[in-house]
Amino acid sequence: VNAVLKDPPQRGLYEAHQKVYPREVSGRFNRLRVASVIALLGLFYVLPWIKWDGRQAVLFDLPARKFYIFGLTFFPQDFFLLTWLLIIAALTLFFFTALAGRLWCGYACPQTVWTEIFVWMERITEGTRQQRIKLDQAPWTANKILRKSAKQFLWITFSLFTGFTFVGYFTAIDVLTAELVSFSFGGWEWFWMLFYGFATYGNAGHMREQVCKYMCPYARFQGAMFDRHTLIISYDTARGEPRGSRPRAVDPRTRNLGDCIDCKMCVQVCPTGIDIRKGLQLECIACAACIDACDDVMDKMQYPRGLIRYATQASMDGLKTRVARPRTLIYGAALLLLIAGFFVAVANRTLIEVDVLRDRNALYRTLDDGRIENVYTIRIINKDTKPHEFRLSVDGLANARLESDRDTHTVPAEGVSSVVARIQVPADVRGGRDIEIVATAVDESEYESRTEARFIAPAGP
Amino acid sequence: MRSTTTRTTTAAPHFSAAQAHPNLRIDIGIVVWASFLTACIATMVFFAFFDPLLLGNDDVPPRWLRDRMTGYAVGFFCFWLVSGLASAITAVLVESRPSEPPPIEDDDLK
């Protein structure tokens, strides 16, 4: 898609920034977005309060280095799963962008979702678009002070609650609530609560569309996923032009006019302040507010809807839109494969892991009887919700013995035990050898975990 | 609105502050923001593999670093500092890049 910037943005735009007063809009796409806002924000604010097996269902316990997600407990050793999940998220974004443009921006991005609720708070305190513009231009009367401070009160309270909820994902929200009541937050809890609250206030209250225009990396490269068969917000130039006002009863064709009555509603509702009639633009976050606004006007004029609509460039050019094309097929297949693999990996996650660290001070030690000894620190990680008892042994080297202070080692549920182990081999062993350290559960669980390690003996023939 | 910079090829390069950085505020904003994102990723990856309490010599953390949250935060701000420095230097080098010499033309061969 060749998106032409009819008005190339000036570099100094930020300083000369024109405040955007988005007009209120109603219609099917707005209902869809409101539903999405309620669902996503609801999820964000409610999730920390949900309990699972007697503890917070979703808790990223950073001080303890454990992530609880419903019934599952994840350790730092499971980091590759998170990476995998992020790759899936990125590929999902690419897939839907290729299919239907910036759906993410219009309906699901936190920036959009929080801005929506902040604009709503602005609307109930400062009024409609015209009222807000007038209020900003008016002198500071009691009414203006009252309305502005009511808005700030709502914004700040909501931002602080947002920050509180955010920290509630990292510190158990019950504990946090108790601390709130007794006003005894820890230092970092204060810091991150205010940090996230301030970010919410700044981004959703003041920055708004500028975040999308100046800060968002996705906005800059999403065009690479577009092609002629991608669904985008399109103005039907052939049908709309030449634009111009006309009385409702007049047939536009008799005045040589298209269907666009040039009411500029599509511009007024746009949260980024662009004119969609100039064609696809980098600033367009595909919120479809202009579609709703235009459909409304078309209804009033008794013209067919869809002068602005979701359409592909192919369909605008009178060609057939192809949903299944190499780009979507490849993205889709890769996505399915990754998702399937992710679930297999989670299902087959090992609950027991063994980390081996060689003693840093000496490569090896020769005992009085001539045998050779290496010392290791062995960490047994038990991700299960039950404690287990393990016996350690060594594999891969004939006549090797593993000794430690105890016969078996109990590792608490979701805990780690460190064991200093001495591995001893007969005197005739020479050079470096690969060995395996095995932790075998001696209870009924029959867990076993093996880890490779290196045994060092004196070099020799 | 300020005028945009034009690179002159005739005069010797001179870098007055206003000309070299016509958009200082937005440039600083971009540097801070881009390095913030990078620092977030770096912090996440780094502390997934290293426990802040085990980073000191002989596994004993310094006295001011006795809880992990402090460790994470100190790590995050260090990453932010480093990535910010890289971003800032990149921005300065890109912004103040002198123009290329003119291409060799037929006249040069006479």
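Helices here are DSSP runs of H or I with at least four residues, strands are runs of E with at least two, and both are numbered from the N terminus. Keep in mind that this is a predicted model, where local features need pLDDT of at least 70 and side-chain atom pairs count only at pLDDT 80 or more, while totals for chains, interfaces and linings use all residues. Residues are numbered from 1 along each chain as its sequence is written, chains are lettered from A and ligands numbered from 1 in the order in which they are written, and side-chain values use heavy atoms, leaving out hydrogens and water.

So who is in the patch? On the surface you'll find L82(A), L85(A), L86(A), I41(B), M44(B), V45(B), F49(B), F50(B) and L55(B), with about 800 Å² of accessible area together. Members of a patch have over 30% relative accessible area and no salt bridge, and nonpolar side chains (Val, Leu, Ile, Met, Phe, Trp, Tyr) are joined within 5 Å, like charges within 9 Å. The areas come from the Shrake-Rupley method with a 1.4 Å probe, and for residues only the protein chains shown count as cover. Helix 2 of chain B makes the largest contribution, 4 residues.

L55(B) sits in the loop between helix 2 and helix 3 (68-95) of chain B. Its relative accessible area is 45%, so L55(B) is partly exposed; buried would be under 20% and exposed over 50%, with partly exposed in between (1.4 Å probe, protein chains only).

Over all chains, the structure holds 39 salt bridges, each one a side-chain nitrogen of Lys or Arg within 4 Å of a carboxyl oxygen of Asp or Glu. R228(A) and D317(A) make one of them, at 2.3 Å from N to O. This pair links distant parts of the chain, 89 residues apart: R228(A) is in the loop between helix 10 (217-221) and strand 6 (232-235), and D317(A) is in the loop between helix 14 (313-316) and helix 15, all in chain A. R228(A) is partly exposed at 36%, and D317(A) is partly exposed at 44%.

K300(A) and D296(A) also pair up, with their closest N and O atoms 3.8 Å apart. They are 4 residues apart in helix 13 of chain A, so about one helical turn separates them. E448(A) and R450(A) form another salt bridge, at 3.2 Å between the closest N and O atoms. Elsewhere, salt bridges with shared partners join K19(A), E122(A), E126(A), R132(A), D136(A), K148(A), K151(A) and R208(A) into one network.

## A proline in a loop

P271(A) lies in the loop between helix 12 (265-268) and helix 13 (289-301) of chain A. P271(A) and E209(A) are 62 residues apart in sequence, yet their C-alpha atoms are 6.6 Å apart in space.
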